[in-house]
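Here is a short briefing to read with the model open in your viewer. Keep the sequence at hand too, and follow along topic by topic.

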Amino acid sequence: MAETPFKISIPQALLDRLQQKLALTTLPNELDGSGWDYGAPLADVKRLVARWMDGYDWRHHEAQLNQLPQFTRPISVDGHGTLDIHYIHRKSEVEGAIPLLFVHGWPGIFLEGSRIVPLLTAKLDDHPSFHVVVLSLPGFGFSEGAKKPGFNIAQYAEIGNKLMLALGYNEYVTQGGDWGLAVTRRIAQLYGGKHSKAWHTNMVFGEPPADFDPTTLTPEQQAALARTEGLMKKGMGYRHQQSTKPQTLAYAMTDSPVGLLAWIYEKLVAWTDRYNWTDIEVLTWISIFYFSREGPVGSFRIYYEAMGNETMAMQAFREAPAPEIPLGLSHFPGDLVVVPKSWSRMMGNVVFDSEVHDAGGHFPAYEQPEALAGDLRQMFGKGGPAYGVVPGKSGY
Amino acid sequence: MARDVIKSEICPKLLTGSFGNPSAGALLTSPSSSAYLSSPLEMDPETPFTLNISATQIADLKHRLELTRFPDELDEAEWAYGAPLADIQRLVSYWQTDFDWNKQQAVLNEELPQFTRNIDVDDVGTLEVHYVHKKSELEEAIPMLFVHGWPGSFIEARKILPLLTATHPDVPSFHVVAPSLPGYGSSEAPTKKGFSLDQFAETCHKLMLSLGYSEYVTQGGDWGGLITRRIAIKYGGKHSKAWHTNFPVCNAPQFTLNPFHLITSFSMILDLLWLSDFEKQALQRALETERIGTGYLRLQSTKPQTIGYALADSPVGLLAWIYEKLVGWTDGYKWTDDEILTWISIYWFSRAGPAASLRIYYEVNAQNELVPSVHDVRPTIPMGLSYFPKEVASLPRSWLRRTGNVVFDSQHDKGGHFAAYEVPESLVGDLRKMFGKGGPAYGVVAGSTGFKLS
């Protein structure tokens with residue numbers, strides 16, 4: 001079936017409404033010297049709002065985004081009807097390139113995967129090439145969202161798998177972090193072997209072994225664990241809110257541009273590693289959320305459906321049998337959860353385990369595309385542990 | 001509920017989830033209020049205050065409401081995901097058009113005599129505090145400090161005020177002071193980090209002293225409960241003579257290495273075997289709230305500024321944020337749209353803005369004082385406890401008895417978190433029993449028994 005090209009074209013009325021609302025922005029004050037401790041700092045937010053109003057041309061950035069090869073396709077999901085799914089798709093010149101599905105998380109978007117597309121699809125003598133599909137999860141970007149309760153990880157996985165099949169990729173590999181990890185893990189569990197042949201993630205977790213001796217941790221590992229603990233204690237309010245009362249939050253986030261800006265900006269900074277966000281980048285990222293097909297609320301619901309009963313969800317996640325297909329791990333020092341590499345072997349059939357990179361956080365495809373692409377090339381390239389995992393599509 | 005269900009279901013939840021962290025230790029500070037001891041004759045005259053929101057502010061609100069952008073909603077979501085769309089759209093429409101703030105404001109001003117006063121808080125400076133003050137006709141009425149919480153305000157006093165200040169030979173009468181906490185209503189907010197629970201207590205205590213009430217009693221729920229508890233600890237005996245709360249919360253058993261704590265914790269677990277049906281249901285409700293109803297709490301305790309931007313900028317955002325609690329935390333209370341919007345307009349039009357009201361969560365959480373601990377120092381003054389069935393944080397009686405000197409304890413079959421507003425007669429009835437003739441706290445304030453000196 002032929003693909004239906006898609007171009008982002010936000011109605012002028014919505015752009016005008018955004019400007020009207022920005023002009024009315026009322027900012028709270030801030031406690032003296034609060035820095036980032038209480039949330040996104042006032043000076044940053046004020047500056048970003050001012051830029052959003054004057055000095056940020058959405059149409060220009062919309063045109064740039066439209067240089068990405070975007071498409072939409074109706075995909076049916078058992079029990080949920082048909083959803084119109086938005087995605088990027090670029091084929092490599094190399095016919096035997098490896099089909100790869102990239103799945104973002106929250107507050108990720110399709111834009112997150114756009115930088116690795118040219119790297120992975122490049123035709124290079126020394127490295128495998130990939131056909132890349134960047135999925136907009138239902139409810140994110142320009143994908144339609146679920147209309148009924150109960151659209152859970154298995155349903156997101158169904159969408160990902162069906163999209164790849166619809167594009168003629170009966171066998172493929174996946175890459176994902178954040179919710180992308182949960183979704184690609186489920187793809188590996190449900191469709192592994194038959195369709196998904198290998199999976200790679202940059203969001204690594206793990207638990208200490210039974211005979212764990214804390215004194216064996218290196219200072220770097222201790223610092224990383226302390227940072228993770230700090231983030232879990234002080235940075236998870238958004239998750240509790242989104243997984244229990246996403247609708248209540250939605251009114252504020254749909255209506256208030258500055259509200260949405262602060263909500264997402266706080267994570268864009270806290271979860272990246274020495275990444276120098278420009279104001280333009282931030283505003284484009286947040287504009288996509290503001291203009292998204294379902295609005296911001298579409299992106300919250302995955303939390304409710306998948307984590308509504310958080311203790312149970314965490315337990316189910318841990319206890320579910322690890323997928324059997326080969327797994328690759330990339331370790332980035334600035335991610336939310338950074339554990340000693342040996343702990344993460346329990347994630348699955350780990351065949352590739354990168355060194356800890358010098359830099360990079362929760363969005364490495366965006367922050368450190370060369371590093372992430374490098375890991376994928378190593379994992380799937382000649383001599384690599386997952387070389388030739390897709391029969392007939394070795395990447396060369 | 002079977003004994004083994006309690007052990008296998010409730011205990012693990014209590015042990016792994018928690019209702020907060022135990023206090024790091026007792027915070028016994030000697031009252032620094034000696035400078036404020038003054039007789040009524042030396043009291044500075046009160047500065048009357050009327051709420052008077054400008055036409056510009058009202059027009060701005062309506063303009064924003066007109067530009068509201070609504071989310072969609074999942075089919076048949078009802079309340080499962082949060083405040084329902086139909087409710088919010090109806091309220092926004094009314095708020096924008098026919099809701100008459102000026103009329104509601106006038107009624108508030110008439111019912112609630114308000115004032116402002118500068119209160120000097122140690123190491124902070126001066127805060128201008130907005131408060132309601134209504135004296136009984138009876139000179140010997142008992143001075144009572146009523147403290148609201150979040151998302152409450154001074155408006156919570158409006159129904160109990162006429163009942164408490166009424167004079168009748170059979171019931172005690174009260175002089176009532178109901179402040180807006182710093183950062184709420186028309187009270188100034190602190191501008192520096194670290195404004196602690198003790199500083200909220202100090203502010204309220206000094207307000208009482210400044211009004212000539214050297215000895216007083218207190219009533220509070222939500223933050224008001226936690227603040228009046230600190231008042232009872234810091235100023236109890238000398239100034240605060242008894243305290244009553246409708247917020248029966250304390251921490252869950254903690255299994256630390258401290259042997260005394262361990263003994264207490266084990267006793268508390270054993271107590272679970274003898275819960276009444278009311279207490280079992282209350283505990284289930286508390287656990288359920290902890291599971292799905294504390295997103296706002298965790299957010300406000302960690303990133304109040306981040307969510308603050310939305311609440312300060314978006315009336316619908318603020319409306320939904322608070323409305324969800326007004327419905328979720330009450331016992332079938334039939335809110336009118338006027339009530340809801342008046343309540344929330346107080347937040348919207350507040351002096352410091354809605355974002356400031358959230359910071360108490362951060363400061364108290366940062367100091368690990370979110371929930372009073374049974375291992376804490378306990379106030380020695382008489383304590384009253386009222387249990388309402390739909391309170392969201394309602395823990396067993398036997399546990400609460402460990403947190404204070406409980407002399408009065410009641411249980412109702414109607415009412416929730418905002419008892420003073422939902423079931424004012426019940427709450428006042430309890431206070432009358434506690435402080436009335438023959439009651440366990442009768443005459444705690446010498447010379448101000450609530451009855452005529454005969």
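Which side chain of chain A does K192(B) meet in a salt bridge? The partner is D32(A), with 3.1 Å from N to O. Please bear in mind that this is a predicted model.

**The interface of chain B and chain A**

- On the two sides of the contact you will find 54 residues from chain B and 62 residues from chain A.
- The size of an interface is often given as the accessible area lost when the parts come together.
- For chain B and chain A, the buried area comes to about 5200 Å², and carbon and sulfur atoms give 55% of it.
- Polar contacts across the interface of chain B and chain A amount to 37 residue pairs, with both residues at pLDDT 80 or more.
- Several helices of chain B each supply at least two residues of the side that touches chain A, among them α2 (55-66), α3 (85-96), α10 (295-302) and α12 (315-328).
- The largest share of that side of chain B comes from α11(B), with 9 residues.

**Salt bridges to look up**

- Over all chains, a search of the whole structure finds 36 salt bridges.
- In chain A, R274(A) forms a salt bridge with D273(A), and their closest N and O atoms are 2.8 Å apart.
- Is each of these two residues buried or exposed? R274(A) is exposed, with a relative accessible area of 64%, while D273(A) counts as buried at 12%.
- In chain B, R402(B) forms a salt bridge with D271(B), the closest N and O atoms being 3.2 Å apart.
- R402(B) lies in the loop between α16 (397-400) and β9 of chain B and D271(B) in helix α8 (residues 259-271) of chain B, so this pair ties together parts that are 131 residues apart in sequence.
- R402(B) is partly exposed, with a relative accessible area of 21%, and D271(B) is buried at 17%.
- Another pair in chain B is R397(B) with E279(B), whose closest N and O atoms are 3.6 Å apart.
- Because R397(B) lies in helix α16 of chain B and E279(B) in helix α9 (residues 277-292) of chain B, the pair ties together parts that are 118 residues apart in sequence.
- Both R397(B) and E279(B) are buried.
- Back in chain A, salt bridges that share partners join D84(A), E144(A), K147(A), R293(A) and E294(A) into one network.

**The sheet in chain B**

- Chain B has an open sheet of 9 strands with mixed pairing, in the order β1-β2-β3-β5-β4-β6-β7-β8-β9.
- Its edge strands are β1 (47-49) and β9 (405-411) of chain B, each of which pairs on one side only.
- From one strand to the next, the twist averages 30°.
- T47(B) stands opposite T116(B) in β2(B).
- Helix α6 (residues 197-210) of chain B lies across β2, β3 (125-134), β4 (142-147), β5 (174-179) and β6 (216-220) of chain B, and runs at about 120° to β2(B).

How values were computed: Residues are numbered from 1 along each chain as its sequence is written. Chains are lettered from A and ligands numbered from 1 in the order in which they are written. This is a predicted model: local features need pLDDT of at least 70, side-chain atom pairs count only at pLDDT 80 or more; totals for chains, interfaces and linings use all residues. Side-chain values use heavy atoms; hydrogens and water are left out. Two strands pair if DSSP finds at least two bridges between them. Helices (H or I, at least four residues) and strands (E, at least two) are DSSP runs, numbered from the N terminus. Axes are lines fitted to C-alpha atoms, for helices over the stretch in contact, and angles run from 0 to 180 degrees between N-to-C directions. Contact means heavy atoms within 4.5 Å. A salt bridge is a side-chain nitrogen of Lys or Arg within 4 Å of a carboxyl oxygen of Asp or Glu. Buried means under 20% relative accessible area, exposed over 50%, partly exposed in between (1.4 Å probe, protein chains only). Buried area is the accessible area (1.4 Å probe) that two parts lose on being put together, summed over both. A polar contact is a pair of N or O atoms within 3.5 Å; within protein, one must be able to donate a hydrogen and the other to accept it, and residues adjacent in sequence count only if both atoms are side-chain atoms.
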